[in-house]
Structure formats: structure tokens, C-alpha cells
Amino acid sequence: MDVGCGTGLWVQEVAIEYSKATVSGVDLSPIQGTLQVPPNAEFYVADVTEGLYFDDGSIDLVQSRCANLSMAERQDFDVRDHGNAMGPICE
Ligand SMILES: C[S@@+](CC[C@H](N)C(=O)[O-])C[C@H]1O[C@@H](n2cnc3c(N)ncnc32)[C@H](O)[C@@H]1O
């Protein structure tokens, strides 16, 4: 999962490289529209500070680049606060 995925390029590239994985991108803004989305990639428009609505244990790896730079003060996101969604590889 890519938190604050922006254009979604990381999601696209990882989904192509790891075709058996499901690769998810979450962002406030729906700016992923210009990408060709591989079948194993998915995008969600959501505010991650309001929660991550993934099934328990369903996320194996989280990446986030520069997303916190644009989060409002007091809305810092710590993925460790969403431990239920993290699978054992993540922990
Ligand atoms: C500087 S961009 C980085 C985009 C991408 N990670 C990259 O490295 O190219 C920060 C992104 O974080 C997203 N973002 C900021 N706050 C967010 C939030 N609360 N929930 C989801 N996405 C958020 C912004 O919409 C923006 O696309």
C-alpha cells in the first residue's frame, strides 16, 4: 500500500513488477486518472488520517513518500496506529 500515492506511479510500477500482489494507493486527490492501471492495482480516494479501511491483516508492506509534508498540522498519520490492517510481514 502506498499512503499518499500522488499520481500513483509507484503503485503502477510495483504492480507490474509483482503481478501476483495486489498493490493499493490511497490519496486525498483523484489524480491517478492518467495512468494505465494494471489489473492488480487499485486506487482509493480517502483521507488516511480518518482511518484505513482495509481488512485486518491484509497489508504486508506500506510505503509513503513525502505524504506527511502536505498533511495539515495535528493530522500527522502514523501507520502504526492502524495495526489491525497490518499482516505479520509488516509488523
Ligand atoms: C508531495 S505528494 C507525494 C506524492 C507521492 N507519494 C510521490 O512521492 O510522488 C503528497 C501526497 O500526499 C497526499 N496526502 C496529503 N495528505 C493526505 C491525507 N490526509 N490522506 C491521503 N493523502 C494525503 C497529497 O494529496 C499528495 O498527493
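Is Gln-12 buried or exposed? Gln-12 counts as buried, because 21 C-beta neighbours lie inside 10 Å. The cut-off for a buried residue is 20 or more. The legends below cover a predicted model.

**View 1. The whole chain.**
The chain holds 1 helix and 3 strands. Read from the N terminus, the elements follow the pattern β-α-β-β. The chain has 91 residues, and 22% of them count as buried. Take the contacts between residues at least 6 apart in sequence: 54% of these join residues at least 24 apart.

**View 2. The open sheet.**
The sheet is open and has 3 strands, in the order β1-β2-β3. The pairing is parallel. β1 and β3 are the edge strands, each pairing on one side only. Strands of a sheet pair through backbone hydrogen bonds. Between β1 and β2 there are 2 bridges, in the parallel sense. Asp-2 has Gly-25 of β2 as its bridge partner. Between β2 and β3 there are 5 bridges, also in the parallel sense. Ser-24 stands opposite Glu-42 of β3.

**View 3. Strand β2.**
How many residues of β2 are buried? The count is 5 of 5, so β2 is largely enclosed by the rest of the structure. Val-23, Gly-25 and Asp-27 point one way from the strand. Ser-24 and Val-26 point the other way. Residues on both sides are buried. In a regular strand the side chains alternate between the two faces of the sheet.

**View 4. Helix α1 and its buried face.**
Which residues of α1 are buried? They are Val-11, Gln-12 and Ala-15. Seen down the axis of α1, these buried residues fall within an arc of 100°, so they line one face of the helix. An α-helix has 3.6 residues a turn, so residues three or four places apart point the same way. The buried residues of α1 pack against β1 (2-3), β2 and β3.

**View 5. Val-11 and its contacts.**
Val-11 has its place in helix α1. Val-11 is buried, because 27 other C-beta atoms lie within 10 Å. Setting aside residues up to four places away in sequence, Val-11 touches Asp-2, Cys-5, Val-23, Gly-25 and Ala-41. Val-11 and Asn-40 are 29 residues apart along the chain, and 9.6 Å separates their C-alpha atoms.

**View 6. Gln-12 and its contacts.**
Gln-12 is also found in helix α1. What does Gln-12 contact, leaving aside its neighbours within four places in sequence? Its partners are Leu-35, Val-37, Pro-38 and Ala-41. Val-37 is 25 residues from Gln-12 along the chain, yet 6.4 Å separates the two C-alpha atoms.

**View 7. The largest nonpolar core.**
The largest nonpolar core has 11 residues. They are Met-1, Cys-5, Val-11, Ala-15, Val-23, Val-26, Ala-41, Phe-43, Val-48, Leu-52 and Ile-59. Which elements give two or more residues to this core? They are α1 (9-17), β2 (23-27) and β3 (41-45).

**View 8. The shell around the ligand.**
There are 16 residues around the ligand. Gly-4, Gly-6, Arg-65, Cys-66 and Ala-67 come nearest. The shell divides into 8 nonpolar, 5 polar and 3 charged residues.

**View 9. Gly-6, in a loop.**
Gly-6 sits in the loop between β1 and α1. Among the residues around the ligand, Gly-6 is one of those that come nearest. Gly-6 is partly exposed, because 18 other C-beta atoms lie within 10 Å. Leaving aside neighbours within four places in sequence, Gly-6 is in contact with Asp-27 and Ile-31. Gly-6 and Val-26 are 20 residues apart in sequence, and C-alpha to C-alpha they are 8.2 Å apart in space.

Thr-49 belongs to the segment after β3. Thr-49 is partly exposed, because 15 other C-beta atoms lie within 10 Å. From Thr-49 to Met-71 the sequence separation is 22 residues. In space the two are 8.8 Å apart, C-alpha to C-alpha.

Notes
Residues numbered from 1 in each chain as written. Predicted model: local features only at pLDDT ≥ 70, side-chain atom pairs only at ≥ 80, totals over all residues. Core = buried A, V, L, I, M, F, W, Y, C linked by C-beta atoms within 7 Å. Buried ≥ 20, exposed ≤ 12 C-beta atoms within 10 Å, placed from the backbone. Helix = DSSP H or I, 4+ residues; strand = E, 2+ residues; numbered from the N terminus. Near = placed C-beta within 6 Å. Nonpolar A, V, L, I, M, F, W, Y, C, P; charged D, E, K, R; others polar. Contact = placed C-beta atoms within 7 Å. Arc of directions from axis to C-beta. Pairing = 2+ DSSP bridges.
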